[in-house]
Amino acid sequence: MEKPFSITISNGQKVPTIQVDVPENLPQSMNDLGFDHPRPILVILGGANNMSQTYMNQLQSLFVKVLAPVVEELGASVVDGGTDSGVMQMIGQARAEISGKFSLIGVTPVGKVALPGQTPPEEVTPLEANHSHFVLTPGDNWGDESPWLADVATVLSQELPSVAILINGGQVSKQDVFHNLRANRPILAVAGSGRLADTLVSALAGEVSDEGVRELVASGLVSSIDINDSLESLTELIKSYLCQQKP
């Protein structure tokens, strides 16, 4: 079983990292990384390179005024894809802006990351500099990490609540949603953030014919929230999901 090591990221910081190989070893791997007790988990899913700057600007307050402060207040942690783009960049920057201490764990395919002492892959993906930990999963392609991302959230939360928020997103995010639903995790699709999130919101209203999307919504675990709602109401909603007990 792999032991934790450090990755040096763009700001020169050494970030604790572990490489995982089989799901059965994941609980021990996360314990070795320092996660020795459960905590509520917010999973952040969604757009990276294909998110427009307009959406990024609209969503900034959601990250800085709602998501990061709620996670910090509740002693929760965040699990996401870890790269320096889109929603992953936004939660990292929000953590830095509020001087947050909460754990922010990026789950990324090992074939996309430059490892110490190894020849880097042809396509090296920058990791977001404000993440506190990284989990490197098997695979060379985006989407290979999707089941692992959901499993990391399950291992870290255990009997405590967890919820995933979907902002924008494309085909990889669709896989992420599927695996989080399979883990019986509620999904909050942010209306008005574009692409997959808006498609799921439309499906909730019965306006989508795509069978795959309708199956996701049929789980009963998908709900929608609107970025135009007040910050206070969004804060209370996220808190309600992270404070409730699992059935």
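Leaving aside residues up to four places away in sequence, Gly-47 touches Gly-86, Val-87, Ile-167, Asn-168, Gly-169, Ser-173 and Arg-195, where a contact means heavy atoms within 4.5 Å. Before going further, keep in mind that this is a predicted model, in which local features need pLDDT of at least 70, side-chain atom pairs count only at pLDDT 80 or more, and totals for chains, interfaces and linings use all residues. Residues are numbered from 1 along each chain as its sequence is written, and side-chain values use heavy atoms, with hydrogens and water left out.

Back to Gly-47, then. You'll find Gly-47 in the loop between β3 (41-46) and α2; helices (H or I, at least four residues) and strands (E, at least two) are DSSP runs, numbered from the N terminus. Gly-47 is buried, at a relative accessible area of 2%. Here buried means under 20% relative accessible area, exposed over 50%, and partly exposed in between, with a 1.4 Å probe and protein chains only. If you step 12 residues along the chain from Gly-47 to Leu-59, the C-alpha atoms of the two are separated by 12 Å.

Now for the charged pairs. A salt bridge is a side-chain nitrogen of Lys or Arg within 4 Å of a carboxyl oxygen of Asp or Glu, and the count by this rule is 4. One of them joins the side chains of Lys-3 and Asp-32, at 3.5 Å from N to O. Lys-3 sits in the segment before β1 (5-8) and Asp-32 in helix α1 (residues 26-32), so this pair ties together parts that are 29 residues apart in sequence. Lys-3 is exposed at 53% relative accessible area, while Asp-32 is partly exposed at 24%.

Lys-239 belongs to helix α8 (residues 231-243) and Glu-73 to helix α2 (residues 53-74), so the link ties together parts 166 residues apart in sequence.

The next pair stays inside one helix. The side chains of Glu-211 and Arg-214 meet in a salt bridge at 2.6 Å, N to O. Both lie in helix α7 (residues 211-218), 3 residues apart, which puts about one helical turn between them. Glu-211 is partly exposed at 42% relative accessible area, and Arg-214 is partly exposed at 41%.
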